[in-house]
Amino acid sequence: MERMTAIEVYEQKRERIRKFNLVSDLFAAKVFEDLTACQELCRILMRNPNLQLKDVKTQYVIRNLEGHSVQLDILAEELTGSLINVELQMYKEEAPFRRSRYYMSCIDMSILGKGKAYYELPSVTVLYITRTDFIGGKKGLYQIRRKTNTKSSLGIDLDNGLCEKYFNLRYPTRYKSINELLRYLENSDPFYRTKVFPRIVERVKFFKVQEEGVDIMCEIADRIKMEGKMEGKIEGKIEVILELLEELGKVPSKIVERISRETDLVVLGRWIKCAASATSITEFEGKM
């Protein structure tokens, strides 16, 4: 079998990465981990050309040992200490507002240390981008405001430090720069020319065209693919254990939760053997 040349290998990798765009978690995480690119994104969506970021994290996990952990697409911190959470939700979400609410509660819990006063909570802006207009107002941008119920039709703004902006790719907004950026998230052309977000395009070109960037994206894609296969094995073993235990009777929720959280394949393999040989759930629990 004839071996491919270095150029052919490179072109094959480029073709693999070509379909990636900025509505993909994988690709967006690499492009926007760059502080300047993320700053461009936030400046445009928040319509604040003077906004300055001092830190950014992508695919940022906030662990909650007593509930659901969350993984934020982008969490950025301004020089002022205010936080910005950008979420790219391209699939259908059953309860987007409640999801956003839970994410914000996790952020608050992670940054308000024990003994600190509530007024020390920083302001948080949520920039939520979806493919469809799930709100249904046929607009490309919605900003959520909390107001009192007064006789005035305008009401009074209640500032709790939370700002929510919901964007969608279905309808245009009133702002040219936002419209241009949202269109670019979908096509992510590495040779696109713009003065509005040049650093974002530069980062896209690095990962889609330059050999070093293409190699990085291919390695990440391969690792995620392997992790997906491993996750499938984990889920399969968990399912087998629970099925075996259900044959012995009602499985206590604390045991279901412990089994469901386990990710060590060796441990899960041992538990399968224990579940298969146990004569009661109590016996299995004693061997865990």
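Which residue has its charged end over the ring of Phe27? In the predicted model that I present today, this residue is Lys208, and its charged end lies 5.8 Å from the centre of the Phe27 ring.

Let me turn to the aromatic rings themselves. A pair of aromatic rings is described by two quantities, namely the distance of the centres and the angle of the planes. For this structure, the count comes to 11 aromatic pairs. I shall discuss two of them.

One of these pairs is formed by Phe97 and Tyr166, whose ring centres are 5.1 Å apart. The angle between their planes is 70°. Edge-to-face requires an angle over 60 degrees, and the pair is accordingly classed as edge-to-face. Where do the two residues lie? Phe97 belongs to helix H4, residues 96–111, and Tyr166 to strand S6, residues 162–168, so the pair ties together parts that are 69 residues apart in sequence. As for accessibility, Phe97 is partly exposed, at 40% relative accessibility, whereas Tyr166 is buried, with a relative accessible area of 1%.

The second pair consists of Phe206 and Phe207. Their ring centres are 4.8 Å apart and their planes are at 75°, which is again an edge-to-face arrangement. Are these two residues buried or exposed? Phe206 is buried, with a relative accessible area of 17%; buried means under 20%. Phe207 is likewise buried, at 2% relative accessibility.

Finally, I return to the ring with which I began. Phe27 forms one aromatic cluster with Phe20, Phe206 and Phe207.

How values were computed
Residues numbered from 1 in each chain as written. Predicted model: local features only at pLDDT ≥ 70, side-chain atom pairs only at ≥ 80, totals over all residues. Heavy atoms only, no water. Phe/Tyr/Trp six-rings, centres within 6.5 Å; stacked < 30°, edge-to-face > 60°. Helix = DSSP H or I, 4+ residues; strand = E, 2+ residues; numbered from the N terminus. Buried < 20%, exposed > 50% of the residue type's maximum accessible area, 1.4 Å probe, protein only. Lys NZ or Arg CZ within 6 Å of the ring centre and 35° of its normal.
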